[in-house]
Amino acid sequence: MISFFPKLRHNAAAAWIAMTVVAVLLIALPYIFSGLGNAWVRALAFMLLYVMLALGLNIVVGFAGLLDLGYIAFYAVGAYTFALLASPHLTQNFAWIAQAFPNGLHISIWLVIPLSAGIAAMFGILLGAPVLKLRGDYLAIVTLGFGEIIRIFLNNLNAPLNITNGPQGITLIDPVRVAGINFAGTQNVLGIAVPSVYLYYYLFLLLTIVTIVICIRLQNSRLGRAWMAIREDEIAARAMGINVRNVKLLAFSLGATFGGVAGAMFSAFQGFVSPESFVLNESIIVLAMVVLGGIGHIPGVILGAVLLALFPEVLRHTVTPVQMALFGQVIVEAEVLRMMLYGLALVLVMLYRPKGLWPAPEHGINPVVRKHSRLAA
């Protein structure tokens, strides 16, 4: 609570009231947007997936200071792990799997999520191990190449063995089933009809809250302080006895874990995955969320993810009608305008808010001294 409401540090009752208000708002959000159609609720669900992705990347970029331009690869690994274990694809293409599982592979979500997280963490270590001594632009180039290699593999692993089905992707992925509730259709909960997209929203909200709690605990832990020491000065951190190699590998693997879980949820939500969903542009968007909100600051990263995830939906529903009303035709497509505004926003943030819209508080500086220095400036 202190991380989100620092001014209520000494007022526990007010902090709990604020948290309760936020929780009620988040629970009611789908019904608030329901009047605008399920498309907006679906956008809210994707927003939560992006929050998980941004928080995972924040561990690598924000906490440890390691620039990663291939983070979307872990998202892809989680998505394809779920797709392969919860669809007929493997049983249709491999006879021995069909014999072992005559009813098809329909692995429980409780098993797939840990598997997706674990496999993504292994890929995180696979990326981190060769780049431990790289920094700056060199690290960015290598991680960018790693993300592209994963996408190219997914695009071409359809021959001679059809593992990923290539550019056609994998279809007929099982929906999430929890405690007998099938998320594929509308369910009746306490006499209230809850549509499928609402169920996914609440599941993603729960996973996002768990992710936030874990990130806060990591930030305040000994490991989190070690990451920040490496971010500030790697040589000094090594001199203080920090095992830089292991700590960096942990950053890559833990960050990848959240990407894997988000990917598995994306796969279940969509019911279909293909390599086109994991292009470099997605990595850049997730990195932009971290930079825009505030590198290393969990509330800021969440703010950046919310803004950039919902921004395309706002443009999609406003740009075309406004242009048709004013000019009678569409002059600038919503997607083109989105990328233009992304670039403009990043330039303005770098010029006027280089630490992000909601930067991390400065540690070790007396608030009175900070106030006087601002007044003097």
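Predicted model: local features only at pLDDT ≥ 70, side-chain atom pairs only at ≥ 80, totals over all residues.
Residues are numbered from 1 along each chain as its sequence is written, and side-chain values use heavy atoms, with hydrogens and water left out. Local features need pLDDT of at least 70 and side-chain atom pairs count only at pLDDT 80 or more, while totals for chains, interfaces and linings use all residues.

Helices (H or I, at least four residues) and strands (E, at least two) are DSSP runs, numbered from the N terminus. Helix 6 comprises 20 residues, 109-128, and should span 28 Å at 1.5 Å a residue, the expected span being 1.5 Å times one less than the number of residues. The end C-alpha atoms of helix 6 are 28 Å apart, which agrees. At the N-terminal end, serine 108 caps helix 6, with a side-chain oxygen 3.2 Å from the backbone nitrogen of tryptophan 110.

Buried residues (under 20% relative accessible area; exposed, over 50%; partly exposed, in between; 1.4 Å probe, protein chains only) of helix 6 include Ile109, Val112, Ile113, Ser116 and Ala117. Seen down the helix axis, the buried residues of helix 6 fall within an arc of 165 degrees, so they line one face; the arc is that of the directions from the axis to the C-beta atoms. Met122 and Leu126, on the other side of helix 6, are exposed. Among the elements covering the buried residues are helix 3 (72-85), helix 7 (136-156), strand 1 (177-178) and helix 11 (244-270).

Asparagine 162 lies in the loop between helix 7 and strand 1 and is buried, with a relative accessible area of 17%. Its side chain makes a polar contact (a pair of N or O atoms within 3.5 Å; within protein, one must be able to donate a hydrogen and the other to accept it, and residues adjacent in sequence count only if both atoms are side-chain atoms) with the side chain of asparagine 93, at 3.3 Å. A polar atom of the asparagine 162 side chain also lies 2.8 Å from the backbone nitrogen of asparagine 165. Leaving aside neighbours within four places in sequence, asparagine 162 is in contact (heavy atoms within 4.5 Å) with His89, Asn93, Phe94 and Leu157.

Glutamine 219, in helix 8 (residues 196-219), is buried, with a relative accessible area of 17%. A polar atom of the glutamine 219 side chain lies 3.4 Å from the backbone oxygen of glycine 296. Beyond four places in sequence, glutamine 219 touches residues including Phe63, Arg225, Gly296 and Ile298.
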